[in-house]
Amino acid sequence: MKIFRGLQHPDRAPACAVTIGNFDGVHRGHQAMLGLLRAEAAQRDLPTCVLTFEPHPRDYFAQKLNKPDLAPARVGTLRDKLSQLAICGVDQTVVLPFNDALAGQSPQAFIQNVLVQGLGAQYILVGDDFRFGSKRAGDYAMLDAAGQAQGFDVARMNSYEVHGERVSSTTVRAALAAGDMPQAAKLLGHPYTISGHVVHGRKLGRQLAESKAGAADGFRTLNLRFDHWKPAASGIFAVLVHGLDAQPLRGVANLGVRPSLDPNDVNGGRVLLETHCLDWPTHLGGEGAYGKIIRVELLHKLHDELKYDSLDALTAGIAKDCDDACAFFASIPASSYTETRRQTTRDRI
């Protein structure tokens, strides 16, 4: 999949079939829409295109109005959104910066400047609640009328439901906020996943306790930055780590702001996913994971983040989390993870 930031790129396709949205989480409703887009694009011999925005428009307005509560919790990072769009077979994605200029465009200007001249859209697929332009004044009827006048096709897709429940980014956020990881996986079509480069931290975890082998590597963690201040999920989780070994590695992870640590540390103020592998791959040595791209599946929530009043208490808390994660993995046959992955992949459209 080709990725473009902005509209002015000479190697972007001159015409396309496009769908528009934030695609936070790329859940099963999004996947169904992308499947329909692929089918319609194939009939017209057009490449598929997703038009999305960064930051999320509600993030933009929350900052502009100084009302942080208006910003939605973020299901996925931009990296993970683009990765999932590629898995869904999208040919190209255009990421538009959502700024004053874009927010102030009239619906008519958005159609002309972005869709017609910018993308060369010949087929446009939107959701049933699609609104666009300044003050969200544009709707499907306006877009359809423009298409009839200017010669591009417009279609809309009704809400996608699983067992009678509408699948949306809002329902995914609700499942993650509740710590209901099986429900989130059902809505997403796969386990909830965060990926990224392993970055350096304070290296405090390896000093908290000694490993079984006696080396002072304690609770070594793999640190991923979650590039948004308000993740939809938070807390302590039993996880699987992909990308370090031939097989996924069992682990326990903290997603959040680490309330027991100094906020002035190297990652202070950032949301981190800190993952401790229950069985560290010996071939990586002490420093071999840094810079690698890994994918962490959050399978089961153990509890919310806790603030410990001492390093000894923190050490005991992490040890208990490791025991609880081991108990979770022991309660489910290892083969079930593979089967869950296969099943959710089959469910994707």
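Guide: Asp-24 is buried, at a relative accessible area of 5%, where buried means under 20%, exposed over 50% and partly exposed in between (1.4 Å probe, protein chains only). The model is predicted, so local features need pLDDT of at least 70 and side-chain atom pairs pLDDT 80 or more, while totals for chains, interfaces and linings use all residues. Residues are numbered from 1 along each chain as its sequence is written, and side-chain values use heavy atoms, leaving out hydrogens and water.

The side chain of Asp-24 meets that of Arg-173 in a salt bridge, 3.1 Å from N to O. A salt bridge here is a side-chain nitrogen of Lys or Arg within 4 Å of a carboxyl oxygen of Asp or Glu. This pair links distant parts of the chain, 149 residues apart: Asp-24 is in the loop between β2 (16-20) and α1 (28-44), and Arg-173 is in helix α7. Helices (H or I, at least four residues) and strands (E, at least two) are DSSP runs, numbered from the N terminus. Arg-173 is also buried, at 12% relative accessibility.

Another salt bridge joins Asp-153 to Arg-44, with the closest N and O atoms 3.0 Å apart. Asp-153 lies in strand β6 (residues 153-157) and Arg-44 in helix α1, 109 residues apart. Asp-153 is partly exposed at 38%, and Arg-44 is partly exposed at 28%. Together with Glu-40, Arg-44 and Asp-153 are linked in a network of salt bridges. The whole structure holds 12 salt bridges.
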